[in-house]
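Here's a quick tour of a protein model, made for someone new to reading structures. Keep the 3D view open as you go, and try to find each spot yourself.

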Amino acid sequence: MNRLKYITLFLVAVLISSCGNDWLDVEPSTSIQTESGVKSLKEVEFSLNGIYSTMQSADAYSGRLVYYADVTGDDMQAVSSTKRTANYYRFNFTKDNGPSSHWAYLYNIIQNCNVVLASLDRITAKDAEKAYRNDLRGQALAIRGMALFDLTRIFGYPYTKDGGASMGVPIIETVSGTEDKPSRSSVAECYTHIIADLKSASELLGEKFNKGKFNKWAALTLLSRVYLYKGENAEALKAAKSAIEGAEKNGYALWSNKAYPTAWGADASSADQGEVLFEIVNLTTDSPGKESMGYLNSKDGYDDMCITASFYRLLKENPRDVRLKLLSFDGKQYAYVNKYQPQPGENIADANIPLLRLSEAYLNAAEAAVKTGDNATAVTYLDAIVHRADPDSTVKGKTLTLANVLNERRKELVAEGHRMYDVMRNGLSIKREDVEESAISRTRHDTPYMEYDRTFYMIVLPIPKGEIDANPNIKQNPGY
């Protein structure tokens, strides 16, 4: 069955019940609630909690949606051909066997955001509740924008390939009926809707720390990322600067060199916010468990993905780089990235998943500034990351290139789901090189066909065959 046909309101009941909230009784289970449904802002907040719970799945933002862009790149790889990440790493998926989880979970999230937004339209808020209502609306818009962005970059070609003229994904902005069969919009149309959602969200969201939920600075950082992908670099710089300035005025700050190796496991609070602007919060009593990024990236867990020898060589070009302290070695075989550290009293399988960090906002600003020819601004933002990694290093006095910024992105954002997309959107190639590093002597690429370059426009997942079969309006990308 076409998943777009059954992500109606009955799924909201499922995801809400998973959070222990029984506020919504669906009558009947396949119909969409209207006046008999959500009637208060508190119930809307419960519904949003259910959406965050869906995002928490290992098939969503606690796992697959993150590691997909890492193991399809050149800085991380599956440890072996039997690991969970291996099919992505080896580019084994076709239109007949591609995973449906990316499509299903993201449209589930979008549909339920639409339910929240429709509910808010029906609720009259008192003057004292308007800021609360705006924040709830902003969260739903930010999540919907994020989900559509991820769908577009997974199933569509990069905007920079053809100005967004190629096929993107269906845009769903109202509560869908069970028989709706939307067609694919262009990548350009998708970006128009993504940007509209994120701009609106950033105007509605609160500015204060809101653990595990979107706030204004997280939405602006994501907006800066989207503008970079679209090639609107002046707008990317503007959004990133606003995110940095606003976040820091409200208590966020880049982690220090000293704190960096262990800050990932800190229990952020309004009193000590750190630099994570938005994260998936996992608890021992409520987590995706051993399929999550923490367990998959640990030598004490499933040891599913490790860094490549070529990335290790890049990182240790500066032996003083604090990011080397995040590597966890399994003898002299493999090295794992220890970013998914559990909070005090929790297990590695329950580690939180940072999705938007202040460090990314700095790197987005630096990249956008380089592309707009503003070297002074690029130096200011890139130097903050370089100097934090090694207080004896600086880029002050240099004329920066795009390669300088992208190399720093590799080192700073490894294992956070960026590398393959960064290569694609800049029209570059994935180059997987086997090099020998004695500290990780067992780390080797394991298939001969990986020796050639993967050009940026080829690494696009096909839409699952079941969706194509069920909906004649959805066409496959050329080449599948």
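This is a predicted model: local features need pLDDT of at least 70, side-chain atom pairs count only at pLDDT 80 or more; totals for chains, interfaces and linings use all residues.

The protein has 480 residues, and buried residues make up 60% of them.

**The cavities**

- The largest cavity has a volume of about 130 Å³.
- Which residues line the largest cavity? The lining is made up of Tyr61, Leu65, Val66, Met146, Asp150, Arg153, Ile154, Arg225, Leu355, Glu416, Gly417 and His418.
- Two elements, α4 (64-71) and α7, each give two or more residues to that lining.
- Helix α7 provides the largest share of the lining, with four residues.

**The big picture**

- If you count up the secondary structure, you get 19 helices and eight strands.

**The nonpolar cores**

- The largest nonpolar core has 132 residues.
- Met55, Tyr61, Ile109, Ile143, Phe214 and Phe278 have the most contacts inside this core.
- Helix α7 (residues 130-155) shows up again here, as it gives the most to this core, with 12 residues.
- There's also a second, separate core of seven residues, and Trp264, Val276, Val322 and Leu326 are among them.
- What does isoleucine 109 touch, not counting residues up to four places away in sequence? Its list is Ile51, Thr54, Met55, Tyr61, Ile143 and Ala147.

- Strand β4 (residues 327-330) pairs with β5 in the antiparallel sense, over four bridges.
- To find one of these pairings, look for phenylalanine 329, whose bridge partner in β5 is alanine 335.
- The hairpin has three residues between the strands, and glycine 331 takes a positive phi near 60 degrees there.
- Side chains in a regular strand alternate between the two faces of the sheet.
- On strand β5 (residues 334-337), Tyr334 and Tyr336 are on one side, while Ala335 and Val337 are on the other.
- Are those four residues of β5 buried or exposed? They are all buried, so both faces of the strand are covered.

**The β2 and β6 pair**

- Strands β2 and β6 run antiparallel and are joined by four bridges.
- Glutamate 279 has proline 354 as its bridge partner in β6.
- Strand β6 (residues 353-357) is mostly covered, with five of its five residues buried.

- Phenylalanine 91 has a positive phi near 55 degrees, even though it is a residue other than glycine.
- You'll find phenylalanine 91 in the loop between α5 (86-89) and α6 (101-122).
- Phenylalanine 91 has a relative accessible area of 21%, and it counts as partly exposed because buried means under 20%.
- Aspartate 303 isn't a glycine either, yet it has a positive phi of about 35 degrees.
- Look for aspartate 303 in the loop between α13 (293-296) and β3 (305-307).
- At a relative accessible area of 18%, aspartate 303 is buried.

- Serine 57 lies in the loop between α3 (41-55) and α4.
- Serine 57 counts as buried, at 17% relative accessibility.
- Leaving aside neighbours within four places in sequence, serine 57 is in contact with Ser62, Gly63, Tyr105 and Pro288.
- Aspartate 272 sits in the loop between α12 (260-263) and β2 (276-280).
- Why does aspartate 272 count as exposed? Its relative accessible area is 53%, and exposed means over 50%.
- Aspartate 272 and phenylalanine 209 are 63 residues apart along the chain, and their C-alpha atoms are separated by 9.7 Å.

**The cysteines**

- How many disulfides are there? The count comes to zero.
- Cysteine 113 is buried, with a relative accessible area of 0%.
- Cysteine 306 is buried too, with a relative accessible area of 1%.

Notes
Residues are numbered from 1 along each chain as its sequence is written. Side-chain values use heavy atoms; hydrogens and water are left out. Buried means under 20% relative accessible area, exposed over 50%, partly exposed in between (1.4 Å probe, protein chains only). Two strands pair if DSSP finds at least two bridges between them. A disulfide is a pair of cysteine sulfur atoms within 2.5 Å. A nonpolar core is a set of buried Ala, Val, Leu, Ile, Met, Phe, Trp, Tyr and Cys residues joined through side-chain atoms within 4.5 Å. Contact means heavy atoms within 4.5 Å. On a 1 Å grid over the protein atoms alone, a cavity is a set of points where a 1.4 Å probe fits but cannot get out, and a pocket is an open set with protein on both sides within 12 Å along at least five of seven lines; lining residues have an atom within 4 Å of a point. Grid points are joined across faces, edges and corners, and a volume is the space filled by probe spheres set on the points.
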